[in-house]
Amino acid sequence: MGKIILGISGFYHDSGAALTIDGSIVAAAQEERFSRKKHDPRFPKQAINYCLQEAFIEADELDAVAFYDNPLLTFDRLVHNALAVAPRGKEVFIDGALGILGKKMWVNDYVRQAIGSLGKVGKVLFCEHHMAHAASAFYPSPFTSAAILVMDGVGEWATTSLGVGKDENIELFAEINYPHSLGLLYSAMTYFCGFKVNSGEYKLMGLAPYGEPRYYSRIREHLIDIREDGSYRLNTDYFGYLDGKVMTNEAFHALFDGPPRKPESRITRREMDLAASVQKITEEVVLRTARHLRKSTGERNLVMAGGVALNCVANGKLLAEKIFDQIWIQPAAGDAGGAIGAALLVHHLYFGEKRKIQPGRDGQKGSLLGPSYSSESIRAMLDRKGYPYHHIQNRDERLRLVAQAIADGKIVGWFSNRMEFGPRALGARSILGDPRNPNTQSVMNLKIKYRESFRPFAPSVLLERVSEYFEMDVESPYMLLVAPVKKERCKPMDLERFRGGDDDMLPVINQVRSDIPAVTHVDYSARIQTVRREDNPDYYDLIKAFEAITGYGVIVNTSFNVRGEPIVCTPLDAYRCFMRTEMDLLVLEDCLLYRNEQPQFEDDENWREKYELD
Amino acid sequence: MTHHQLFEYHPLIAYKFIPNLKVRIPHESGGYLVQTNRMGFRSNHEFMRERNPQKKRVLVFGDSFTAGDGVSNGKRYTDIIEKLIPSLEVYNFGVSGTGSDQHYLIWREFARDTEHDVMVIAVLVENIRRIVARYRRYLDEEGRRVLFAKPYFVLEGDKLVLKGCPPKREALREDELPPEEQPYVERGGRFELIRRVINQLGIKDFVHKLTHYQPFPEYDSPDHPAWLLMKAILRQWVEEYGQKERVILMPIPLYYHIEESCDATPYRRRFEEVAEELGVHLHDPLPDFWAYPPEVRRAFRFEKDIHPTPEGHRVLAESLKKSIEKVLGLNLSFS
């Protein structure tokens, strides 16, 4: 057996763990899935336990344990920041220093306490944050060499890093440092628009197509100076994160016509336009940086990671611009994915092991790297709880029943295979619906997910059918690319009133925009997941079964959770979510549970309070 | 707590391990690996009915001390014995949280047709309390205390009668039980409130020594109803089994006894009596534990968890090995 390495990320947001054996990712999971606390930043002891379980090894069999961040460098940044803003910023410094000195510095102790061993190296190996991100993007990619782009809020110092990967080596040759950060600019706008930082950025991106980039010039003029090569500087006079606990300050509010929107209050034209504006800025920086990177490295391939790499609209534009021949993005591009990067960095750079690339395939394994549950353990749970179910062992029959239910307009909770690693549900812990049905979007948003009605849903499409539905002909297995719906499928929309200044988005949302309206956003785009049989056979065959019934090789796929809840992990999590919503059918591997057959659900926790809104 | 459920309902035993599991349980030791076989017992290998002609086979029945709570499969005394005695395979039928009544039922349901050479009945001394219980406390997936019903035997005259079968499938809340059933909840011993306070103060060992605490007064008299029930279960099991010369009865001591914070004489005397009465081999491992100095013995259990550490299992394995070899020497084949 090759080297066994445990990678850990944590103590900032979205902690996680990953385990590699001989350079192959064997397991990876986010702590939030087990703790049921969204973006849980705590030491990922349950995720680590799972990784060791999946590999079925004792902790002392680990060759090394790697941490995704260098706490000393982060502390250095905090000290510099404190000196720069003194005498202000005392609270920021104390909070940050406590976080680092109180936790990160003691990672060795946390690991020893959690698993009883530090592996054969005998100490935790620390990486640099952006190196971990870069490694998470490059090593699992299918490329022997590639340009590397890492963009996030902040790691230790770096907020944007440019590099190149070749075989086992990674070199980061340029970086932009804190406080200048595209990620923090996006987060500041997320906060200002009334969404939660480090979680609501996705909503801002979804809101952008409703607006006009009316604030673009103002942002360019006052907040960010973007150079031709994509490098940028922020005007820190407008931000609160250097010396306070909020992202923006009075100058920012004055610049954008008033105070931040209160969370859960009505979304106005201002927020839509701000979203469109900051999205345009983001795309501009990403595209310019990519062009510079292409030119300076000469590489034909690009790999990306860091929170900004989850901006699938920008990714789609990058793809459409054809700056690089191929792009691969780490699906767990946020901090949790740093665990994979840390483990692989140690494998290739510390132990000097060679990369093994499977031609044409990445090493991410469909990102289905989390726990699975056998039919036996699912039935044990259902039997013990007394929940009625149908055990349908005939696979074809089961898939046909589920596909028929979707075609009949039912909303299906789909729990199958190993759980996804990363923020997107990819057909293992998903809620599924019929994309042809004009009611699917509103039903799923309001009765299933309990979230804002403007938010779009994504399609899962058979890989071989992708260009029949979308203006795209490449693979997008991780739902990280946005592309237009085929023109011939689109239907004209009446936007006169909305464009005329009416804030109400509902009349826009409720218009049928294509023959797959549930997955067509208001700008006729879609966030696409292509599905290959090799990655997830049951999910692929389910879509095939749906195609056999309807003629459409595409379904609606959204994450199996309610708003603010981490994606479900266990069969019991799935059952609870099923019963708290208005889903019609729950599929737990080969067990089917119909809502109308279930007993009254005695909910023993106030989940609406437990799961904070993002 | 693990994110995997470990047990499934069984209509005779109450529950057993879910088959084909590979799970890691977080623990104060850092965690341990649990693997179950197709039959649903904690074992790295499948249980076959026919014996491998090249190997001797031992069947072991017991509770969590045998199933191996706190340690990975390979570190349990049963698995260590397999390594210590070449050409021996040990089938571990241990199920955590069960009593000797359920072990007898496990033998009846799963093992009676399994060819073997020796059968070990491992009775954790605490089991005397479990056999009179009809409900046991467990923590559910949310960490809440719930009760599960179990099968149990009662003595009607000289006759052992099985009751509570099939046990209720769903968990019960303690306040749901009718008053007449309340005494049959296994609460982990006497003086529940005082125990809780003493444990929280961390002065348990001191108090035990000071007060000459006897955790299991059920062994004090040969006529105690709980002991009479234990004896009846063992007698029926051995009689039904029919080959007493192959049976090793092993009372497993708790840490009180190993660390000599309470008197082990009563339970040892009872097991000596019953072994003699039934004509089975008695293996008392306590002297082998006592052979170690007191400061070493403390390491035979975990800091908080009272289950044996890998070291505790090693000592138990080396101890039991002697009796297994002795019995194997007398019984070279099983027809």
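Start by selecting B:R136, which stands opposite B:E186 in β12(B). Strands here are DSSP runs of E with at least two residues, helices are H or I runs of at least four, and both are numbered from the N terminus. This is a predicted model, in which local features need pLDDT of at least 70, side-chain atom pairs count only at pLDDT 80 or more, and totals for chains, interfaces and linings use all residues. Residues are numbered from 1 along each chain as its sequence is written, while chains are lettered from A and ligands numbered from 1 in the order in which they are written.

Now show residues 135-139 of chain B: this is β8, joined to β12(B) by 2 bridges, and the two run parallel. Strands pair if DSSP finds at least two bridges between them. Widen the view to the open sheet of 3 strands, ordered β9-β8-β12 in chain B, with mixed pairing. β9 (145-149) and β12 (185-186) each have a single partner strand, so one side of each lacks a neighbour in the sheet.

Next, pick B:V71, in the loop between α1 (64-67) and α2 (77-84) of chain B. Is B:V71 buried or exposed? It is buried, because 24 C-beta neighbours lie inside 10 Å; the cut-offs are 20 or more for buried and 12 or fewer for exposed, with partly exposed in between, using C-beta atoms placed from the backbone. Beyond four places in sequence, B:V71 is in contact with B:Y32, B:R76, B:P310 and B:H313, contact being C-beta atoms, placed from the backbone, within 7 Å.

Finally, move to α2 of chain A (residues 45-55), where 11 of 11 residues are buried. They pack against elements including α5 (107-115) of chain A and β3 (22-25) of chain B.

Terms used
Contact = placed C-beta atoms within 7 Å.
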